[in-house]
Every structure is written in C-alpha cells, then in structure tokens.
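My notebook is open, and I am ready to look some things up.

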Amino acid sequence: MKDEPFTPQAYTSSIESGSFTWSSPSNIALVKYWGKKEQQIPQNPSVSFTLDHCKTTTTLSFSKKEDQDAFSFDVFLDGDKKDDFKPKIETFFKRIEAYLPFLRNYHFKIGTSNTFPHSSGIASSASGMSALAMCLMSVEKLLMESDTALSTDKSIMSDDFFIQKASFLARLGSGSACRSLEGDLVVWGKHNEIDGSSDLFGIKYPFEVHKNFKNYQDTILLVDKGEKQVSSTVGHNLMHGHPFAQERFKQAHKNLSSLIRVFKEGDLDTFIEIVESEALTLHAMMMASMPYFILMKPNTLEIINKIWAFRQATNSKVCFTLDAGANVHVLYPENELDKVCEFIKNELVAYCQNGHYICDVIGFGAKLINN
Ligand code: PMV
C-alpha cells in the first residue's frame with residue numbers, strides 16, 4: 001500500500017500567520033468498520049451516510065514560531081481552553097507529521113464547537129478530526145501556493161487531491177472521520193467491486209443511487225448521553241483474535257456488494273435488512289469478544305421493538321442503526337417524514353434521556369467557512 005503521494009515535496013513555510021475555518025459533519029455507517037490493523041487501516045470496507053446538522057466547526061489559527069523543537073498548540077471548545085483534549089491532538093500531530101512538514105514551524109490555536117451537545121453520546125471525533133484535517137490542508141495549500149508564486153515549476157494542488165489527502169489525514173486522527181468530508185455516501189476500505197476504493201482514505205460512492213435514498217432522514221434518539229464505557233479503540237482491538245472476526249470481515253464485503261444493487265434499484269426492503277443486520281452484528285461482536293461488553297441499554301431494545309412493530313403495522317420503510325453506543329439512529333426515506341416524525345414523538349421519545357433527540361438528514365460533507 002502506497003502513501004507516498006501524500007508526502008509533499010519540500011516547501012518553505014514563508015507565511016507568517018493566518019487562519020482557516022471549516023465545518024465538517026458526523027457520519028453514520030451502514031456497513032460498519034469494526035476492527036483495524038496498524039495505522040488505522042480497516043479490516044473491512046465500510047460505507048456511510050454523511051450527516052448534515054450534526055457537525056463541528058473548527059478555526060485553526062497559526063503563527064510562525066522560532067524553534068522547531070516541539071509541537072505547540074492550544075485547544076478551545078466553545079471558547080473554553082481544553083487541555084484534556086491535547087493528548088489526542090498531540091498523537092494526531094505525531095501520526096501526520098511526515099505528511100505535513102510545517103507542523104513544527106507554527107504555533108496553532110484550535111478553536112472548535114459542535115452543533116450537538118458535548119455530552120450527547122454522539123462522538124465528535126469524526127466531525128472534529130475531519131474539520132481539523134481540512135484546516136490543516138488549507139494551510140498546506142497556502143504554503144504550496146506561496147511557493148508556486150515564487151517558482152513556476154510547482155503545480156497548484158487540485159481539489160480532488162486536497163479532499164483525498166484531508167481524508168487520509170482524518171483517518172489517522174479517527175478512522176471513521178475519513179468518511180465525513182464528502183457526501184452523501186462515502187466508501188472507505190478496499191472493495192473489489194468499487195474502483196478507486198482504498199484503505200487509506202474515503203471516496204465518494206461512485207455508482208448510481210436511486211431517488212429513494214435522496215435526502216434520507218436520520219433522527220438520532222439520545223438514549224444514553226453518558227461517556228462510553230468502552231472506547232472504540234479498545235473495541236477495535238478486541239477484534240484481534242476474536243473467534244468470529246474473519247467471518248465478520250467477509251460478511252462486510254458481501255453486504256457492501258449487495259448494497260450496490262440496492263442503491264441502484266432503490267430496494268428499501270433489502271436496505272433495511274442489511275442495515276439492521278449490520279448494526280446488530282456490530283453489537284454481537286462486542287458481546288462475543290473477550291472481555292465481552294454490552295453497549296445497548298434496555299431502552300435501545302424497547303425502541304428497536306417499537307420500530308419493528310410500527311413497520312409491520314404500517315408497511316413503513318423506517319429502520320434503525322446503531323453506532324458503538326446505546327443511541328439509536330432512526331433512518332427513513334424523505335417521503336415518510338411526517339408519518340415517522342409523528343411515530344417518533346408519540347412512541348419513541350419516551351425512551352430518550354430527558355426526551356432528547358436530534359433530527360438530521362443526509363448531507364454533503366465539509367464546508368469552508370472562512371479564510
Ligand atoms: O472511527 P472510530 O475508531 O471511532 O470507529 C467507529 C466505529 C463505528 O462507529 C462503530 C462504526 C463505523 O464504521 O463508523
């Protein structure tokens with residue numbers, strides 16, 4: 001596997017200071033990534049819907065410093081200094097340093113805010129790391145352009161390369177973050193029927209998608225807003241030596257193959273089957289690992305049963321998926337918006353912590369807010 005294209009030719013850090021702001025959304029996997037190799041390389045390919053409203057906005061300000069000894073940065077969440085976020089960013093900087101040689105030349109101020117509450121149980125790592133990766137790419141592009149202005153033999157970075165490298169960097173921050181930069185469907189991980197798919201970065205799903213999947217809705221029911229009992233890093237690692245791991249990885253390839261036809265034909269029944277099976281398999285893997293754990297709560301199961309009963313009674317195409325936690329993502333086509341919202345309000349909100357839920361819809365990835 002080659003990652004050399006992401007190691008830049010030498011450039012000078014001739015710019016004194018500047019600032020970029022990007023927003024980037026969260027994403028929800030349909031075929032799940034669970035299990036990784038070194039360097040955040042996934043054990044199987046995954047595909048996700050990019051979300052729209054659940055996002056992080058990050059401003060990265062940079063100013064040149066004298067020495068190049070250490071990384072220098074401060075992190076702020078909603079204006080408050082967050083030193084407890086620093087170790088994660090330090091690790092991220094170490095991992096990406098070989099690909100962004102300017103990192104030690106500047107002091108960075110990273111100001112970040114999320115549209116969803118920090119304690120909502122919604123992971124901010126996908127949106128946060130992807131927003132930061134886009135800001136860093138903007139700095140690299142600026143440095144390269146300033147060099148190009150001085151010499152004519154260097155080419156300006158293309159938009160495709162910019163996104164690809166940002167996804168590559170975001171992956172090194174948090175695996176699933178590499179699927180947040182574009183939309184509305186993103187594939188990450190090599191799959192033999194999807195040309196251009198890669199373990200190194202996410203790509204926009206390259207095939208036809210039926211109108212049934214346009215503006216797909218995702219209502220996130222906040223069942224448990226507490227900190228996760230098991231971090232996803234620990235969970236991924238438990239797939240090493242897991243008795244069902246190899247079968248699970250094969251199943252993910254197969255489910256992604258099946259989704260290609262489903263997306264093309266708009267086959268919502270098979271979509272539901274695959275998506276719900278993927279969610280339950282993810283949790284089954286957790287329950288079957290050693291040590292074992294359960295991230296679903298009683299209310300997660302209550303909601304799942306209500307969704308199944310509603311589907312049977314009304315022929316609705318609503319379904320659920322889960323990430324590595326107790327919250328439930330309720331997925332449904334746009335033409336069922338009123339009907340499903342009514343159902344959620346009447347029958348599901350009672351199972352949410354403090355009645356909290358977030359209405360989202362499929363979106364199109366990161367946006368440059370300011371430079
Ligand atoms: O990106 P990570 O390391 O937090 O892992 C995410 C794993 C799942 O959300 C459970 C599945 C996925 O594909 O997003």
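Which residue forms a salt bridge with Glu265, and how far apart are the closest N and O atoms? I looked it up: the partner is Arg261, and the closest N and O atoms are 2.6 Å apart. A salt bridge here is a side-chain nitrogen of Lys or Arg within 4 Å of a carboxyl oxygen of Asp or Glu.

A note to myself on the ground rules. This is a predicted model, where local features need pLDDT of at least 70 and side-chain atom pairs count only at pLDDT 80 or more, while totals for chains, interfaces and linings use all residues. Residues are numbered from 1 along each chain as its sequence is written, and side-chain values use heavy atoms, leaving out hydrogens and water.

**Entry: salt bridges**

I found that Arg261 and Glu265 both sit in helix α5 (residues 245-265), four residues apart, about one turn of the helix. Helices are DSSP runs of H or I with at least four residues, and strands are runs of E with at least two, numbered from the N terminus. Arg261 is partly exposed at 36% relative accessibility, and Glu265 is partly exposed at 47%. (Buried means under 20% relative accessible area, exposed over 50%, partly exposed in between, with a 1.4 Å probe and protein chains only.)

Next I checked Lys317, which forms a salt bridge with Asp269 at 2.9 Å between the closest N and O atoms. Lys317 is in the loop between α7 (298-314) and β11 (319-322) and Asp269 is in helix α6 (residues 268-287), so this pair ties together parts 48 residues apart in sequence.

I also noted a network of salt bridges linking Asp74, Lys81, Asp83 and Lys86. The count comes to 14 salt bridges.

**Entry: the core**

I looked up the largest nonpolar core and found 79 residues. Such a core is a set of buried Ala, Val, Leu, Ile, Met, Phe, Trp, Tyr and Cys residues joined through side-chain atoms within 4.5 Å. Phe93, Phe102, Phe108, Leu136 and Phe271 touch the most other members. Helix α2 (residues 125-150) gives the most to this core, with 10 residues.

**Entry: two domains**

I see domain 1 (4-184 + 365-370) and domain 2 (216-361), with bounds from an automatic or database domain assignment. Their C-alpha centres lie 28 Å apart. How many salt bridges join domain 1 and domain 2? I counted zero between them.
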